[in-house]
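Have the sequence and the 3D view at hand as you read.

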Amino acid sequence: MSAHNNGNHQLEEVEVSHSAPDNGGRPSFADVYMGFAYQIAERSTCHRLNVGTVITSTDYRKVFAVGYNGNASGLHNHCDSDTPGSCGCLHSEENGVINCDAPRHYEKFVFVTHLPCRMCAKRLINLGGVKRVYYAEDYRLRDSIELFAEVGIAVEHLPLKRNPAEQALFRLAEIAYQHEVVAGEGNPLGEPTQSDPEWVSRRVSQWLAETR
Ligand SMILES: [Zn+2]
Ligand SMILES: [Zn+2]
């Protein structure tokens with residue numbers, strides 16, 4: 001089989017331009033699926049952070065599974081506890097893995113709104129066939145990156161391409177962070193500090209929920 005007619009030829013072409021719009025100005029597949037990860041995250045019932053996962057084929061033609069964080073199906077639709085790190089919600093990647101019935105040998109890409117935690121990295125490793133994990137927002141714990149590297153899974157930062165209205169909302173949330181968190185803690189110099197992405201996206205979710 002020549003390099004030009006095996007199934008991977010098209011993949012290589014797509015991968016090169018994964019995050020840039022093509023000549024027709026259309027969004028790339030990677031951007032579309034990252035946007036999908038954010039949309040599915042809107043179904044999250046976790047009060048701490050809304051996270052979404054989309055697992056696709058590596059030619060971007062199929063969605064194998066989606067997941068978002070929340071309590072188990074049929075249980076109450078909120079966290080078990082407000083304690084950070086033990087809210088009791090299943091993670092979005094965990095639900096994505098549970099929902100994924102594609103065979104292990106199928107090559108997969110994973111799109112996650114936030115960098116996976118250490119345990120979800122292990123779950124994605126054991127799903128089998130994961131070639132690359134795209135994440136949009138950093139998570140405070142970054143040790144999953146080393147785990148993925150150890151087993152040869154590529155990790156790529158792919159920020160969500162937001163429309164201008166959404167960008168404005170996030171900017172407002174960053175300003176709100178300065179007022180509510182930094183000012184609230186009595187920052188003596190009133191110096192701007194880098195905002196906390198988790199706090200900002202949680203605040204934007206709250207605003208959006210209030211306008212629904
Ligand atoms: Zn939760
Ligand atoms: Zn996790």
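Two residues are in contact if their C-beta atoms, placed from the backbone, lie within 7 Å. Helices (H or I, at least four residues) and strands (E, at least two) are DSSP runs, numbered from the N terminus. This is a predicted model, in which local features need pLDDT of at least 70 and side-chain atom pairs count only at pLDDT 80 or more, while totals for chains, interfaces and linings use all residues. Residues are numbered from 1 along each chain as its sequence is written, and chains are lettered from A and ligands numbered from 1 in the order in which they are written.

Let's start with the sheet. It is open, with 5 strands in the order S2-S1-S3-S4-S5 and mixed pairing; two strands pair if DSSP finds at least two bridges between them. Strand S2 (63–68) and strand S5 (154–157) form the edges, each pairing on one side only. S1 (residues 52–57) and S2 run antiparallel, joined by 5 bridges, and Val-54 has Val-66 in S2 as its bridge partner.

Axes are lines fitted to C-alpha atoms, for helices over the stretch in contact, and angles run from 0 to 180 degrees between N-to-C directions.

| Helix | Lies across | Angle |
|---|---|---|
| H2 (residues 29–41) | S1, S2, S3 (108–114), S4 (130–137) | about 145° to S1 |
| H3 (residues 92–99) | S1, S2, S3 | about 145° to S2 |

H3 also meets helix H4 (residues 118–127): their axes come within 9 Å and cross at roughly 20°. H3 and H4 are therefore roughly parallel to each other (angles under 35 degrees). Glu-93, Glu-94 and Val-97 in H3 meet Cys-120, Arg-123, Leu-124 and Leu-127 in H4.

Key. Angles under 35 degrees count as roughly parallel, over 145 as roughly antiparallel, 65 to 115 as roughly perpendicular and the rest as oblique.
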